Structures are given as C-alpha cells and as structure tokens.
Amino acid sequence: MRRYQSSVYTLALRMLSDEDEAGDAAQTVFLNALRSLHLFRGGSSLKTWLHRITVNECSARTKMRKRFPRPSSDDDPVASLPDAQRLASDPANDEERETWNAVLQLPESYRLPVLLRYFEDFSYEETARALGISVDTVKIRLFRAKAMLRATLVERGGEQ
Amino acid sequence: MISCGTAQALTGELIRGTLEEKDAARLRGHLQTCRECRAEFDLESRLVRTGARAPVYHPPGDFAARVVERWQGETAKAMLSPAEIVRKVLADALKAAYAPLYAAYVPVIRETWTTLAGAREALREASGVVREVLKDLMWGRFVLKTT
C-alpha cells in the first residue's frame with residue numbers, strides 16, 4: 001500500500017481538486033482493492049489495477065457532486081489544486097500553468113487519458129486498461145483532447 | 001520522406017528519446033518542413049514537459065493507519081464470536097432438518113385434521129339424534145305415567 005498510496009492519492013487529487021475528498025477517495029480505493037484482491041488475476045500491473053479503481057471511485061464522486069452540488073463547488077477547480085497554487089507562486093512557470101489550466105478544463109472523458117498518459121507516464125495499453133476502454137479509443141480521445149488543448153492554448157496566446 | 005501520420009505517431013517517441021537515431025533524423029527533417037506536424041510536436045513536448053515536472057503528492061502521514069483501521073473494523077464486523085458461530089450452525093441445522101420433515105408431514109397432518117373434522121361433525125349429528133331419541137323417550141315415559 002505504501003508503494004502506491006502517493007500515486008493513487010495524486011491521481012485522486014487531480015481528478016477531484018479537493019485534498020480532503022481525495023484522501024477519502026484514496027482510502028476507499030485501497031479498501032475496495034483489499035475487498036476484491038481475490039479477483040485480481042494479474043492481467044495488468046497492480047498499479048494499473050489500482051488506477052482503474054481510482055478512476056471509477058473518483059468518477060462516481062464527480063457524478064455525485066454534479067447531482068448534489070456542494071456550496072463550494074462554484075470555486076474554480078484549477079485554483080484549488082495544489083499544482084495551480086505551486087505554479088501561481090512562480091511566474092517563471094507561465095507555460096506550465098497555462099498547460100495545466102487547459103488540461104484541467106477539458107471534459108472528464110478527455111482529461112483522464114491526458115492525465116494518465118502525460119502525468120502518470122502510462123503507455124496507451126495501460127491507459128486503456130485503467131480506463132476500461134480500448135487502445136483505439138484512448139488514441140482517439142487523446143487526438144481530440146490535443147485538438148481542444150491546441151485551440152485553447154492558441155486562443156490564450158492570442159489574448160496575451 | 002515520411003508521411004504526416006507516421007510523423008505524428010513517432011513524435012512521442014522522439015520526445016521521450018526512445019526513437020532510433022535513423023528514424024529520429026528523418027522525423028526531424030519532416031518537422032522542419034511541415035507546419036502541422038511541428039505544431040503537434042510542440043504540443044506533445046509541452047505536455048510531456050508539464051507532466052514530467054508535475055509533482056507527486058503524498059497523503060497525510062496517518063493514511064495507511066487509517067486504511068488499516070477501516071479494514072480491521074470491517075473484518076471485525078464480518079467475524080462472529082465462537083458462541084455466535086455455534087448458535088448459527090445449530091439454527092441452520094435445525095432449519096435444514098425441519099424443512100423436509102415439514103414438507104413430508106404436512107399432507108398427513110392435513111388429512112388427519114380433515115378426518116377428525118368429519119368425525120366431529122358425524123359425532124355432533126349422532127349426538128343430536130341421540131338427544132332427540134332421549135327426549136322422545138322421556139316424553140314417552142311422561143305420557144305413559146300421566147295416562
């Protein structure tokens with residue numbers, strides 16, 4: 001558990017943008033993993049399997065949040081993320097901050113492949129397994145996500 | 001020359017440094033002439049750079065202890081004490097033994113009950129007849145006495 005707890009927590013934090021909820025989700029991920037450890041056949045790595053549980057848990061929480069919005073849900077999710085706070089404190093990271101903002105504003109189905117592929121350094125196959133979709137779907141979503149990112153970044157670049 | 005499709009497929013490998021030098025040289029040559037692939041390359045390297053610099057966050061120090069605590073709480077709930085286990089086994093055994101017994105004897109009990117109900121009805125009818133006869137006899141005697 002200690003080997004993967006940071007990786008699971010980081011992904012949960014990037015998906016939920018809330019430290020408390022990410023901590024709770026990560027705990028639930030490990031409990032679910034312990035409950036269904038007997039079902040783990042080793043078809044993928046333990047890390048990929050844990051990430052798949054994390055994606056499912058966080059997606060369920062995100063859906064719940066949309067159905068029953070909390071009073072603080074009007075806050076900017078990008079600004080509440082520790083990455084954004086870190087980047088905001090260092091003006092030298094303009095490009096990184098812009099990229100982060102653009103990634104976090106992508107719709108969830110496009111944001112997740114980007115997070116797993118570029119931020120968790122997953123292969124296409126691992127990303128597909130973690131999301132429970134085919135490799136081709138991962139490639140299509142990444143292609144569309146990059147088109148959206150390019151449009152957002154060009155638009156922002158034009159504004160400045 | 002390589003096509004744009006191949007160039008864009010190999011872009012990631014070039015950035016990650018996993019592309020063979022011969023292919024890398026061809027791809028670099030293509031990137032110098034193709035604006036579209038250059039834009040793809042720029043975005044890909046931007047994402048890889050941002051991803052590589054993104055920190056890993058650590059959960060609170062007591063994270064593992066909390067998970068273990070929750071897990072132990074769950075397993076303790078699921079576990080029964082020895083007395084509860086014996087009670088449950090006995091109850092299950094009784095239930096299992098009683099079920100076929102019940103199934104086998106229900107028709108017999110029903111039949112006996114119907115027979116008994118019939119006999120009771122017959123007895124009631126007979127007692128009515130006997131009562132009438134007795135009544136007649138009493139009146140008969142009475143009539144005989146008075147005459």
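**Exercise 1. Work out how much area is buried between chain A and chain B, and which residues of chain A lose the most.**

Start with the total: about 3,100 Å² is buried between the two chains, with carbon and sulfur atoms giving 58%. Buried area here is the accessible area (1.4 Å probe) that two parts lose on being put together, summed over both. Next, zoom in on chain A: A:Gln27, A:Leu31 and A:Tyr118 lose the most area to chain B, together 21% of what that side buries.

Before going on: this is a predicted model, where local features need pLDDT of at least 70 and side-chain atom pairs count only at pLDDT 80 or more, while totals for chains, interfaces and linings use all residues. Residues are numbered from 1 along each chain as its sequence is written, chains are lettered from A in the order in which they are written, and side-chain values use heavy atoms, leaving out hydrogens and water.

**Exercise 2. Find the salt bridges between chain A and chain B.**

First, the rule: a side-chain nitrogen of Lys or Arg within 4 Å of a carboxyl oxygen of Asp or Glu. By that rule, you get eight between chain A and chain B; over all chains, the structure holds 19. Now pick examples. A:Lys146 pairs with B:Glu44 at 2.6 Å, N to O. A:Glu98 pairs with B:Arg46, with the closest N and O atoms 3.1 Å apart.

**Exercise 3. Describe who takes part in the contact between chain A and chain B.**

Contact means heavy atoms within 4.5 Å. Counting this way, chain A brings 36 residues and chain B brings 27 residues.
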